[in-house]
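Please look over the structure shown here before reading on. The report is written for someone meeting this structure for the first time.

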Amino acid sequence: MSNLIIRRAHIKDGEALKDIKISGGKITEIATDIQNDNNSKEIDAKGNVVLPSLIESHIHPDKAFLEDRKPNKSGTLEEALKNTAELKKLYTFEDVKKRAEKVLRWSILNGTTIMRAQPDVDPYEKTLGVEVLVHLKEKFKDVLDMQIVAFPQEGIIQSPGVLEMMEETIKMGADIVGGCPYSEKTMEDTKKQLEVVFDLAEKYNLPIDMHADFGTNADDPQNTCIELICDMTIARGYQGRVAIGHVTTLGSLDPEVAAPIFDKIAKAGVTIVPLPVTDMFMTGRTERKNIPRGMAPVMAMMEHGVNIAYSSNNIRNAFTPFGNADLIAVGYLLQVSQQMGSADQRRAVLDMVTYNAAKALGISDTYGLEVGKNADLNIYDCDDISNLINDQPLIRYVIKRGEIIVQNDLTRTMASVLMED
Ligand SMILES: [Zn+2]
């Protein structure tokens, strides 16, 4: 493993620049004017921002890049599920691998070297998505840390055989138990699904990551499972080990109804993962005016101490025909949609995709810009953390365990009038 010193790194807004020393894949010193006493390679960050790796805490590489095979004309969840189910019947290992691999490569080029992938486990795709991602996890192990969720997109109770398949995928290498309560047909089955998800997770002592409450109708009990999930999390001693994607219904509640729910989410240590691109593309499709933003209310939840980590979810398919696996671009959408305009709020958006996401993935002990943590770092062409998402800057270096895995050399030619004085 190489030794590396990053000089003149902007680590925190308003603080002096620091050097970062890396050895054995870990950060060994952060200080000013570090001595190069072991012939380390040096990078001059030139006062630019150094961040720990971005974290994609919720993404579906197995169903990416399907947008033109069967487009979702209505833009609804129902049509997305129907079209994608048809396409899944035609999947081959090579097809899924080619598309998933592209997501991984794009993510890494965009500074994401830690990922929680959510391959579907259902009657159509069966265990193929997990098999592909287990293969890619090994192939990319030096440049990407991956967790794999066994995600029952088509439900568990209404889809016989899925629970057994999920257990099979755990033996193959899936390390998180997924859930999708909105996919069941009745509330009774929805409750049953939550029970079997917790049972399976407990059996193998694995964390849980569900898709839940994806809609804007708060009168539908199947769209308001969050309290049930939090109650179960506390009852089963699963605090800090449950993450939930979407939860858009929370945005439809009156603030006085929502406040005690936010407190319960915080108490249960459940991470909420808004998926801004999908959430805004799919929700509110039946409205004709005052169309809702269709997202979980990020700022209100933050005030109640809820851990929030946003993510891409889908890249170019029937659920989300957009995306380039760039979490800074997704953050731009989140800060605008959630009206997070102050410098502190804009920095908080960046925390969601770094430190908060690390908490959601249970990796805080090895993650961050501190001595002793893994040297998984990005150096940007930007000197202000509060404006990093606004700038959408070039990433000059992506560093994984102290090794440079991506380097972008900035060569720009421009008319003299465009140059700064
Ligand atoms: Zn998802």
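## The zinc site

In this predicted model, the zinc ion is coordinated by four side-chain atoms, namely NE2 of His58, NE2 of His60, NE2 of His211 and OD1 of Asn313, at 2.1 Å. The angles subtended by the 4 donor atoms run from 87 to 173°, and the arrangement therefore counts as irregular.

Along the sequence, the donor residues follow the spacing H-x1-H-x150-H-x101-N. Histidine 58, in strand E6 (residues 54-59), and asparagine 313, in the loop between helix H9 (298-303) and helix H10 (327-337), are 255 residues apart, and this pair links distant parts of the chain. Histidine 58 counts as buried because its relative accessibility is 0%, and asparagine 313, with a relative accessibility of 2%, also counts as buried.

## The largest pocket

The largest pocket holds about 600 Å³ of space, and 24 residues line it, with Leu77, Glu78, Phe214, Gly215 and Asn223 lying nearest its centre. Helix H1 (residues 77-88) supplies the largest share of this lining, which amounts to 3 residues. When the lining of the largest pocket is divided by class, 12 residues are polar, 7 are charged and 5 are nonpolar.

## The second largest pocket

The second largest pocket has a volume of about 400 Å³, and its lining is made up of 23 residues, of which Gly251, Met295, Ala296, Pro297 and Gln338 are nearest the centre. Two or more residues of this lining are given by each of helix H7 (255-268) and H9, and the largest share, 4 residues, comes from H7. By class, the lining of the second largest pocket has 13 nonpolar residues, 9 polar residues and 1 charged residue.

## The cavity

Across the whole structure, a search finds 1 cavity of 30 Å³ or more, and the largest cavity has a volume of about 40 Å³. The largest cavity is lined by His60, Lys63, Gln153, Tyr182, His211, Phe214, His246, Thr278, Asn313, Asn314 and Phe319. In terms of class, this lining divides into 7 polar residues, 3 nonpolar residues and 1 charged residue.

Conventions:
Residues are numbered from 1 along each chain as its sequence is written. This is a predicted model: local features need pLDDT of at least 70, side-chain atom pairs count only at pLDDT 80 or more; totals for chains, interfaces and linings use all residues. Side-chain values use heavy atoms; hydrogens and water are left out. Donors are N, O and S atoms within 2.8 Å of the metal (3.2 Å for Na, K and Ca); water is not among the atoms, so sites may look incomplete. Four donors count as tetrahedral if all angles lie between 85 and 135 degrees; four count as square planar and six as octahedral if opposite donors are over 155 degrees apart and all others between 65 and 115; anything else is irregular. Buried means under 20% relative accessible area, exposed over 50%, partly exposed in between (1.4 Å probe, protein chains only). On a 1 Å grid over the protein atoms alone, a cavity is a set of points where a 1.4 Å probe fits but cannot get out, and a pocket is an open set with protein on both sides within 12 Å along at least five of seven lines; lining residues have an atom within 4 Å of a point. Grid points are joined across faces, edges and corners, and a volume is the space filled by probe spheres set on the points. Ala, Val, Leu, Ile, Met, Phe, Trp, Tyr, Cys and Pro count as nonpolar, Asp, Glu, Lys and Arg as charged, and the others, Gly among them, as polar.
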